[in-house]
Amino acid sequence: MVPYTAGSPALRVVSVVLSHGSWRLVATMITLQFDALFASRLSERDFAMLTNRNKLGSILTAAHPTVDHYLPALTIAGASNQRGDLTFMTNAIDLGSVSMRSFVFHAA
C-alpha cells in the first residue's frame with residue numbers, strides 16, 4: 001500500500017469526490033487505505049513503520065486525528081512476538097469511516 005501523499009491516486013480520487021460533495025466516500029477512501037496499510041504492516045510485523053508518525057505521514061493524521069484509538073492497537077502489537085500467529089477477528093468499516101478491525105496474536 002502506498003502511503004497517503006499529495007500525489008497519490010487516492011488523493012486524486014478524494015479531490016474529485018470533494019468537488020462533488022460526497023464526504024462519506026472521502027472518509028471511506030481514507031479509512032480503507034489506512035486500514036489496508038495497517039493490516040499489511042501488522043501482518044509483516046513491521047512495528048517500526050506502524051510507530052513512525054513521519055513515515056505514516058498525512059494518512060495517519062487523516063485516519064486518526066488523535067491517537068487515542070490507535071495507541072491501544074500498538075500496545076497489543078508490541079506485546080506480541082515474531083513467532084505468534086496473527087488472526088484478524090473483524091475487518092468491517094462502520095458508518096463509512098470507522099475501521100472496526102480487531103486482531104489477536106496467539107502465542108507460538
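Predicted model: local features only at pLDDT ≥ 70, side-chain atom pairs only at ≥ 80, totals over all residues.
User: Why is the pairing of Arg-101 with Asp-35 called a salt bridge?

Analyst: A salt bridge is a side-chain nitrogen of Lys or Arg within 4 Å of a carboxyl oxygen of Asp or Glu. The closest N and O atoms of Arg-101 and Asp-35 are 2.8 Å apart, so the pair meets the rule. Arg-101 lies in the loop between β3 and β4 (102–106) and Asp-35 in helix α2, so the pair ties together parts that are 66 residues apart in sequence.

User: How many salt bridges does this rule give?

Analyst: The count comes to two salt bridges, one of them joining the side chains of Asp-46 and Arg-41 at 3.1 Å, N to O.

User: Are the residues of these pairs called buried or partly exposed?

Analyst: Buried means under 20% relative accessible area, exposed over 50%, and partly exposed in between, with a 1.4 Å probe and protein chains only. Arg-101 and Asp-35 are both buried. Asp-46, with a relative accessible area of 24%, falls in between and is therefore partly exposed, and Arg-41, with 22%, is partly exposed by the same rule.

User: What makes an open space a pocket, and what volume has the largest pocket?

Analyst: On a 1 Å grid over the protein atoms alone, a pocket is an open set of points where a 1.4 Å probe fits, with protein on both sides within 12 Å along at least five of seven lines. The largest pocket has a volume of about 590 Å³, a volume being the space filled by probe spheres set on the points, which are joined across faces, edges and corners.

User: Which residues line the largest pocket?

Analyst: Lining residues have an atom within 4 Å of a point, and the largest pocket has 21 of them, with Ala-63, His-64, His-69, Val-98 and Ser-99 nearest its centre. Helix α2 gives the most to this lining, with six residues.

How values were computed. Residues numbered from 1 in each chain as written. Heavy atoms only, no water. Helix = DSSP H or I, 4+ residues; strand = E, 2+ residues; numbered from the N terminus.
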